Structure formats: C-alpha cells, structure tokens
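Please report on the fold of this protein chain.

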Amino acid sequence: MPGRGALSSGDNLEVLSKTWRGHALASIVSLVCAAACLGGTPTQVIRIGVDLPLSGAEGRAGTPALNGVQFFVHQHPTIDGFRLEAVPRDDAVGGLPDPVQGERNVKSLAADPLVVGVIGPFDSNVARLDIPIANVAHLALISPSVSSRCLTKEPFLPASLSPSRSEITCKAAGLPAPSELRPTGINNFFRLATTDELQGPAAADYAYRALKLRRVAALSDHEAYGQALAGGFMTRFTRLGGSVVEYRDYDPAAQLDLKLFMRKAASDGAQAIYFGGVTANHGCVLRAQMANEFDFGEAVPFLGGDGIAEDPECVRNAGPNAIGIFATVPASAPDAIPSAQPVISAFKAQYGNPADYGAYTIAAYDSAGVLYSAIDRAIRADGGTLPGRDHVINELSATTAYAGAGGTFGFDGSGDTTLRIVSLFESTTADPNAKWTWVKAVDYSDSLPY
C-alpha cells in the first residue's frame, strides 16, 4: 500500500521511533527530563514486536493497524529511560495471513532479548501457531482483531446459546482447546476484540428491538463458525420472543439452489434472513436470490456476522439487493466513539493518505498503549532495569482499567477484553467500494446475553 508507514511485499523493516515531541505519559515525564538533561535521547532500547499481514490484499487492513502501533510509538518514543522501538514482521504470504510465516516471525522476535511483547497477530489461524511459540518464550501477544473464542475459552458455543441446549466444545468444532495452546500453563495472549459467540445475539437484539422483526429464517454455511453464529442468533431471538420459521445448514460445495427454502420462508412470514457464514461460501449470493421471493432492499433485511461485514465482494455478489445487509463486527467502531476523535484527528494529520487509516488502527494504537503501560509498571517493579517478559505478562494480566482511545478496558483471567462491544454496520448502497454505515453498538460489558 502507498503512504507513510506502508511496507512493500516481503519487507520486514525495523521502524525506529521519532524524536520526542512532548507527548510522553505524565508518569514518565520526570525520567524523560532527566535523560534529556544528561545529554538527550536514552541509549538503552526496549522493542515492541509486531506480527501483522503487511503485503498483498490483507495488507490493506494490516498496514493501517501497523500505522496505529507506529503512531503510538511516535507519540511515546521513550519509557522510563529506555528508547522504544517497533519491530514489524509481515505474516502474509501470497496476500493472505500465513500461520507458518507468523510462527517464523514470532520465533525471530522471541530470539531478540530486547523484545518484551508483540502486537498481533491479526488472524485467528495465525494465532493458533503463534500463541504456543510465544508461550514457551514467555512473550506476551496482544491482538487488536482476532475473535475466535477457542483461543481463550471453552466451550466453542455455550449450552445457553446452542439450539440443542448442549454446549459445543472446541474439539467438536475442530479446534484445539485453549489449554493446548499454552504449554507452560500460563496465559500470554490478550486481545482487544471481543469473542465470536456474541455476534449472533447482538444481531438478534438489533433485529428484535430496533428493526421490530418477529419472524425470521436462518441459514448457515456448514462450517463451525457459521453454525455457531446462526445458533447464537436463533437462540437469542427466540428467547426475546421472536420465531425462527425456517433453518437450513447448506453445503457450499454443492449446487447452490435454495429457491424452495426462500419460498417456504416467505410463505411462513419471514421478515428477514440471518446468515451465519462467510462471503466465500456464497452468503451474499443468497442475498441476491432473495429478491425473487421477498421484497427488495431494506424492507427485508439480511443479517450476518463479520464473515460478510464491510466486504466489497459481498456487495458485488448481492448486486442491486446489497442495500439492507446488516452485519456485526466483534469490536468497537472508533469513528463513533467520542474519546477516539482526538487520536484519530492527530493520526490523520500525520498520515495524510486516507488508506493509511483503517478499521483496526485505533485498536492497534490501544494495543500498543496497554502494552506500554504494562512495560512501564514492570520496569518500575524491576528497579529501572529491562523488565522480564514474565513481569510484563503479569502486569497485562493485572490490567483492569486502561483508558484507551477506544474506551476503558481490562483483561479477564483468560486474556479477553472486558469491553465486550459488538458493532453493527449496514450496506446502504450497491457500490462495492462504498463504506458501510455504522448503525449501533451493542454493549455486553456489564452482562452477557446468555
């Protein structure tokens, strides 16, 4: 991608922090002043590793996240007498996040004794290989984006969200249990995105309470992710008082012919369809097909999760019927958060290319910030010396109220954010390149929907 902070394909460049500009945290002002009085920038170094997809198609999302980390380092270039450096690594191969490359990157970062924590990864499949490597190296990982529940918690789908009333374990979903990812038995993985099982309930809450829907049909794409989203939606929707008139779990490898399903759903009074799955499994092709049996556009909503959210290919597949697609994302929408606006304005003043800013820039900025705060406390606990990695992990685990740009959050005992927000977006045009419209934030921070 063009623009300041972008990396070309295959690059793994070390990014040095800029000159101090007076933006250090209040807690370290005196130490920074002391360093300056003794002759300028500190010579001791602490490094923050970064493992994100920075090239190819995924670089369009990963590079703006890297920019968020870099921007934080630019604002806070020193910490307790140490100079702070960001060390990016690209885990994309052929334009897609690659777990093996991510594993190599984390091994490389772990081998550097000055790296005390890593921002990333961006993708859940990469995280499944990164976490054990970092765990053995006693290295903290903080992801701004991954949401797969089994990275941190059993079960994959709680019984209270399952239509069968039986929990679905991680193993049953084809995923390793969280304990299998942590050979030392200590958690070293933290994240700012909330977990996937909240997406279906959030869509159900919005459908029932805001859209006033009472009868819906549901589809899933025969994969564990999509089945869990559909299950959570249906369970929550019926608990609220609605009815699911039809449900089908279809095989995307087979010929996609759901005309009878659509016809039956329409005749049974379905006011919308919920889709659990991803664009690649023809999810938004189904939206296009709805026009043959249902009213057009917003009159009959099509709801789904982050497998279709803000996806240009979804809009292309839906064609003229793309308007009225509502989709959840298991994270805050910074553009709608007042506390984020000063940081966003300052970022855009420094990074002039609109492509430099993305959906996860602020989450990555806050990931760097909460790690910085933990490092600061660990340095102080270690008497001003380079902090041990275990001490940094301990401080992250003890975080309860970090005031980030995207909101105040901490981490629970599994490393999950306590700021459990799911954002809803709507496709309001048939233009694939148009930005989706933020609609609402559903906040489960105080109580879960199950």
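Predicted model: local features only at pLDDT ≥ 70, side-chain atom pairs only at ≥ 80, totals over all residues.

Seven strands make up an open sheet with mixed pairing. Their order is β11-β10-β12-β13-β14-β17-β18. β11 and β18 stand at the edges with a single partner strand each, so one side of each has no neighbour in the sheet. On average, neighbouring strands are turned by 20 degrees against each other, direction ignored. Within the sheet, β13 and β14 run parallel and are joined by three bridges. F302 has I325 in β14 as its bridge partner.

**The helices.** Helix α5 lies across β12, β13, β14, β17 and β18. It runs at about 140 degrees to β14. Helix α6 reaches 24 Å from its first C-alpha to its last, close to the 24 Å expected. Twelve of its 17 residues are buried, so α6 is largely enclosed by the rest of the structure. Among the buried residues are F233, M234, R236 and F237. Their cover includes α5, β10, β11 and β12. After α6 comes G241, with a positive phi near 120 degrees.

| Helix | Residues |
|---|---|
| α2 | residues 59–75 |
| α5 | residues 199–210 |
| α6 | residues 224–240 |

**A buried asparagine.** N67 sits in helix α2. Is N67 buried or exposed? Its relative accessibility is 0%, and the cut-off for buried is under 20%, so N67 counts as buried. A polar atom of the N67 side chain lies 2.9 Å from the backbone oxygen of D356.

Terms used. Residues numbered from 1 in each chain as written. Heavy atoms only, no water. Pairing = 2+ DSSP bridges. Helix = DSSP H or I, 4+ residues; strand = E, 2+ residues; numbered from the N terminus. Axes fitted to C-alpha atoms, helices over the stretch in contact; angles between N-to-C directions. Contact = heavy atoms within 4.5 Å. Buried < 20%, exposed > 50% of the residue type's maximum accessible area, 1.4 Å probe, protein only. Polar contact = N/O pair within 3.5 Å; in protein donor to acceptor, adjacent residues only side chain to side chain. Expected span 1.5 Å × (residues − 1).
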